[in-house]
Amino acid sequence: MEYEIYDTAPETLPTEAIRMRSVASIHRRFGNADLAGWTIANLGLASGERVIDIGCGVGHITVPLARAVAPDGHAKGIDNETDYAAAWDALDREGLPVSFDLWRWEAPWPWPNGSYDAAVSNFTLTIMPDLDLAVKEIRRILHPNGRLLVTGSAPDDQAEFMQMHWELVGEHPTAEMAARGRDMTAEVLPLLDDIFGPGKRVEFANDLSFPRPQDVAEFYATGKLYGLLATDNRTRDDLLDLIFHAAEAHIAKHGTYVVKRRLLGGLYIKKP
Ligand SMILES: C[S@@+](CC[C@H](N)C(=O)[O-])C[C@H]1O[C@@H](n2cnc3c(N)ncnc32)[C@H](O)[C@@H]1O
């Protein structure tokens, strides 16, 4: 069989590198432009504002944020992953008011009080080691009336696809994997509600339809590599073959393969 597009990931990558590539492609799979536009609209970002992207990953959202606040505003992306520095350099950000800092959440937050008009944190607050401290620091660096948009995957995000993956590989998430990260609705948003005052719940849905089995395999190869974490002993091609055949059977029966993408979060305003 033929897979038309592969990620650049080689056959065997260290687990951490696989995770990073998967993060890199989260937004592409949500539909880059839509998610960035949705973020900008929810934050009500305007030209001239200062915005910070907390846990920015490869910076896919940070650059559109910079476009929204250009020419006199500024967008900053922060992340502790040194490998992303090369990705930041490679971004098309010519002439845009954007910068990136390597920074660890555990370290003291270096930004002054009230230095940002808006903050966004996508798929990140769920894994901050000290969430309480982080939320207080985000609040501190926001200007009075500053806005914060926090998002994460909804519990049913890609649920059927993940189920197919686990069934195919004959493995299921370990307790350690299941316990990784906090629950958005049960833990993260309630803490934000406490510290900022009740926020507005937001949702973003973008179902992906794949008419051909190779499209599903490509999705798996480029956008959903978390499953490979637990299956390091299998080769990438074996897994892609399994996914391809399962998708082929599904499409023969249902005509198309649909992967639900669901994101949820909260929008907060710092009361003066
Ligand atoms: C799930 S990713 C989200 C990336 C990006 N916001 C996106 O939506 O694609 C979480 C990010 O948090 C970063 N991160 C993890 N631990 C960190 C730490 N201790 N300090 C700073 N950033 C960290 C990771 O490198 C990763 O880029």
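Predicted model: local features only at pLDDT ≥ 70, side-chain atom pairs only at ≥ 80, totals over all residues.

Reader: Which residues of helix H5 are buried?

Author: Helix H5 spans residues 131-141, and its buried residues are Ala-134, Val-135, Ile-138 and Ile-141.

Reader: Where do they sit around the helix axis?

Author: Seen down the axis of H5, the buried residues fall within an arc of 135°, so they line one face of the helix. As a general point, an α-helix has 3.6 residues a turn, so residues three or four places apart point the same way.

Reader: What covers the buried residues of H5?

Author: The cover includes strand E1 (50-54), strand E4 (116-122), strand E5 (142-153) and helix H8 (184-196).

Reader: How many residues of E4 are buried?

Author: Strand E4 is mostly covered, with 7 of its 7 residues buried.

Reader: In what sense does E4 pair with E1, and in what sense with E5?

Author: E1 and E4 pair in the parallel sense over 3 bridges; Val-51, for example, has Ala-118 in E4 as its bridge partner. E4 and E5 also pair in the parallel sense, over 6 bridges. There, the bridge partner of Ala-119 is Leu-148 in E5.

Reader: Turning to the ligand, how many residues surround it, and which are the closest?

Author: The ligand is surrounded by 16 residues, and the closest are Gly-55, Gly-57, Asn-80, Glu-81 and Asn-122.

Reader: Which helix gives the most to that shell?

Author: Helix H1 (residues 15-30) gives the most, with 3 residues.

Reader: One last topic: where does Ala-154 lie?

Author: Ala-154 is in the loop between E5 and helix H6 (159-169).

Reader: Why does Ala-154 count as partly exposed?

Author: Ala-154 has 19 C-beta neighbours inside 10 Å, whereas a residue is buried only if 20 or more other C-beta atoms lie within 10 Å of its own.

Reader: What is Ala-154 in contact with, leaving aside its neighbours within four places in sequence?

Author: With those neighbours set aside, Ala-154 is in contact with Arg-262, Leu-263 and Leu-264.

Notes:
Residues numbered from 1 in each chain as written. Buried ≥ 20, exposed ≤ 12 C-beta atoms within 10 Å, placed from the backbone. Helix = DSSP H or I, 4+ residues; strand = E, 2+ residues; numbered from the N terminus. Arc of directions from axis to C-beta. Contact = placed C-beta atoms within 7 Å. Near = placed C-beta within 6 Å. Pairing = 2+ DSSP bridges.
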